[in-house]
Amino acid sequence: MERRSASAKGAKGKAAPCGSWGPRGRPAAGRSMAERRFPTPVLRAVAGDESSFVKSEETERSIRDMLGNCLSDTDLSFGIKRAGKVRDLYELEDKVVSITTDRQSGFDRHLASVPFKGQVVNQTSVWWLNQTREMVENALLSAPHPNVAVMKKCKVFPVEFVVRGYLTGSTGTSIWTNYSKGSRSYCGNDLPDGLVKNDKLEKNIVTPTTKSEVGDVPITPEEIVAQGLMTQEEWDKASAKALALFNFGQEVALRNGLLLVDTKYEFGMDDQGKILLIDEIHTPDSSRYWIAETYERRHAQGKEPENIDKEFLRLWFKDHCDPYNDPELPEAPESLIMELSRRYISLFETITGETFVPGSPGAYSADAIEGAIEGSI
């Protein structure tokens, strides 16, 4: 069967090693969490056209070389494909192959492809899955390629476990939006009067949502059980796992100078009845991070917390078109795409405390990806 290139423009070349990852996606260094020394980098926003996220000439060259070779689509010769906004899933008999592409979505559509975004998101998730597998069992079987995770096939619970540590958000269904309108009960959690936006909550809380084609819908644990989405025992176990993961994530993030503000988890059940974590964990896409060093000062001044912002690309599209209704979108400037890539790389290094090793364009050909996957399944 003829294989098409997995990248947007059919890049060819030799496959690159999977960064600093060893067998089964584990860090090759072999040091335990306790043995690592986490730096506290101070990351700042871009001033004008000058980026404070530039790492090295070599990394800049790698980003530039990947601009026309991003992993925008995949077309493997096996499995049943399900394409999401960012991930392409290939369902096998007892496994699911998850390929994290470089697609950047917004306004419910594809905006651009960002060099190394998929590698950053996948390797960040794999890093966390390996750090937490003794705390909470997960479905990760191997990570044979920088953008690939091979997962154990599970029966997925139709609920997203959103865990929050702060009163924030801007969407119509966010906890802050509801609170600001007078609601003092959110997804089964009672909230006190007198809070302001971005306050730290008294304790971390689980605010579940149902999965929907038109958007996630907040729901209470009682409603989840009443609607038959999960049993009470399943809810109790999964929600406890979500809180344990979030508490640990906050501890690690703080060592690295970050506040883990909120995130989401997905769980499923395997053939033996075990509840497993089945999706990404604490990635830049699934989580909100703030800069710890400046949070208290800015919050006291009534300012928004500082973060490694990724919204500037969305804002560019809003300024240059109607991204909700225009049939075709303009092409974003390369300078913005490169800046977004730099920030994803900075997030990986800040979150994990490890050096990012970019893959080469050749690593994203169909042959390279399929060859890596076939060797692990």
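**Sheets, helices and cores in a predicted model**

Just after helix H5, Gly-257 takes a positive phi of about 80°. The model is a predicted one, so local features are reported at pLDDT of at least 70 and side-chain atom pairs at pLDDT 80 or more, while totals for chains, interfaces and linings use all residues. Residues are numbered from 1 along each chain as its sequence is written, and side-chain values use heavy atoms, with hydrogens and water left out. Helices (H or I, at least four residues) and strands (E, at least two) are DSSP runs, numbered from the N terminus.

H5 itself covers residues 232–255. With 24 residues at 1.5 Å a residue, H5 should span 34 Å, and its end C-alpha atoms sit 35 Å apart, which agrees; the expected span here is 1.5 Å times one less than the number of residues. Its buried residues (under 20% relative accessible area with a 1.4 Å probe, protein chains only; over 50% is exposed, and in between is partly exposed) include Trp-235, Leu-245, Phe-246 and Phe-248, and also Glu-234 and Gln-250.

On to the cores. A nonpolar core is taken as a set of buried Ala, Val, Leu, Ile, Met, Phe, Trp, Tyr and Cys residues joined through side-chain atoms within 4.5 Å. The largest one has 42 residues, and those with the most contacts inside it are Trp-128, Phe-161, Met-230, Tyr-265, Phe-267 and Leu-277. H5 gives the most to this core, with eight residues. A second, separate core of 36 residues includes Ile-63, Leu-76, Phe-116 and Tyr-344. Leaving aside neighbours within four places in sequence, Trp-128 is in contact (heavy atoms within 4.5 Å) with a set of residues that includes Phe-248, Gly-249 and Val-252, along with Tyr-289 and Ile-351.

Then there are the sheets, where two strands count as paired if DSSP finds at least two bridges between them. An open sheet of five strands has the order S1-S2-S3-S7-S6, with antiparallel pairing. S1 (80–83) and S6 are the edge strands, each with a single partner, so one side of each is left without a neighbour in the sheet. The twist averages 20° from one strand to the next; axes are lines fitted to C-alpha atoms, for helices over the stretch in contact, and angles run from 0 to 180 degrees between N-to-C directions. S1 is joined to S2 (residues 87–91) by four bridges, with Ile-80 opposite Glu-91. Further along, S3 and S7 pair over five bridges, and Val-97 stands opposite Val-150. S6 and S7 form a hairpin with two residues between them, and in S7 Val-148 is the bridge partner of His-145. Four of the five residues of S7 are buried, so this strand is largely enclosed by the rest of the structure.

H2 (residues 117–132) packs on it, touching S2, S3, S6 and S7, with its direction at about 145° to that of S6. H9 lies across S3, S6 and S7, also running at about 145° to S6. The buried residues of H9 (366–374) include Ile-369, Glu-370 and Ile-373.

A further open sheet, of three strands, has the order S8-S16-S17 and antiparallel pairing. S16 (residues 267–269) pairs with S17 over three bridges, and Gly-268 stands opposite Leu-276.
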